[in-house]
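A short walk through the structure follows.

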Amino acid sequence: MSLENLLARSRLKRHKTSTREITDLLKVVDRDVTDASIKELSADRCFAIAYNAALQLATVALYCKGYRPIGTGHHFTVFQTLKHTLGEEGQDLADYFDVCRVRRNITDYDRAGQVSEKEAQELLDEAKIFKSKINEWLLKNYPDFLR
């Protein structure tokens with residue numbers, strides 16, 4: 001579903017971002033990547049924090065494209081827009097992060113101990129790679145937001 005279709009279905013609304021907003025979101029990502037690396041935290045918490053870093057990175061891309069998610073299910077919406085904000089490589093990211101979204105919901109709302117240390121580390125590693133991709137994407141497409 002295109003960004004315009006999501007807009008028409010009231011899953012997105014138009015949004016004019018700013019350098020300040022993008023900078024603030026990237027600071028949240030930096031904090032979350034650092035916090036998810038704390039070995040004393042449970043795998044569940046590390047996973048949830050790394051997930052939030054990925055969510056904020058996807059949000060950066062969406063904001064730069066001029067949209068903001070609205071309504072329930074906004075995490076799902078944000079990840080689904082990756083194929084439209086980042087192009088073809090965004091599809092694989094959207095699929096992976098959506099699986100993580102479901103796992104994160106279970107561990108945050110239903111049951112503790114559902115995430116292994118390996119899964120938490122994998123998501124953290126993916127979030128770090130995604131961070132590099134978003135930084136490169138911003139430099140290429142939206143350098144004014146990186147002042």
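In this predicted model, the largest pocket has a volume of about 200 Å³. Its lining is made by A36, S37, I38, K39, L41, S42, A43, C46, E117, A120, Q121 and L124. Two elements each give two or more residues to this lining, namely α3 (43–64) and α7 (117–141). The greatest contribution comes from α7, with four residues. By class, the lining of the largest pocket holds seven nonpolar, three polar and two charged residues.

Both of these helices also pack against α2, which spans residues 19–36. For α2 and α7, the axes come within 10 Å and cross at roughly 155°. Because angles over 145 degrees count as roughly antiparallel, α2 is roughly antiparallel to α7. The crossing of these two helices is left-handed. On the α2 side the contact involves I22, L26, V29, D30, V33 and A36, which meet L124, K128, K131, N135 and L138 of α7. Seven nonpolar, one polar and three charged residues make up this contact.

The packing of α2 with α3 comes next. Here the axes come within 8 Å and cross at roughly 160°, which makes α2 roughly antiparallel to α3. The crossing of α2 and α3 is again left-handed. From α2, the contact takes in E21, I22, L25, L26, V28, V29, R31, D32, V33, D35 and A36. From α3, the residues are C46, I49, A50, N52, A53, Q56, L57, T59, V60, Y63 and C64. The contact of α2 with α3 has 15 nonpolar, three polar and four charged residues.

Leaving aside residues up to four places away in sequence, E21 touches H15, Y63 and R68.

What angle do α3 and α6 make where they pack? Helix α6 covers residues 89–109, and α3 packs with α6 at an angle of about 135°, their axes being 10 Å apart. That angle makes α3 oblique to α6. The crossing of α3 past α6 is left-handed. The α3 residues in this contact are D44, R45, F47, A48, Y51 and A54, while α6 supplies F97, C100, R101, R103, R104, T107 and D108. The residues of the contact of α3 with α6 divide into six nonpolar, one polar and six charged.

Terms used
Residues are numbered from 1 along each chain as its sequence is written. This is a predicted model: local features need pLDDT of at least 70, side-chain atom pairs count only at pLDDT 80 or more; totals for chains, interfaces and linings use all residues. Side-chain values use heavy atoms; hydrogens and water are left out. On a 1 Å grid over the protein atoms alone, a cavity is a set of points where a 1.4 Å probe fits but cannot get out, and a pocket is an open set with protein on both sides within 12 Å along at least five of seven lines; lining residues have an atom within 4 Å of a point. Grid points are joined across faces, edges and corners, and a volume is the space filled by probe spheres set on the points. Ala, Val, Leu, Ile, Met, Phe, Trp, Tyr, Cys and Pro count as nonpolar, Asp, Glu, Lys and Arg as charged, and the others, Gly among them, as polar. Axes are lines fitted to C-alpha atoms, for helices over the stretch in contact, and angles run from 0 to 180 degrees between N-to-C directions. Angles under 35 degrees count as roughly parallel, over 145 as roughly antiparallel, 65 to 115 as roughly perpendicular and the rest as oblique. A crossing is left-handed if the near helix is turned anticlockwise from the far one by less than a right angle, and right-handed if clockwise. Contact means heavy atoms within 4.5 Å.
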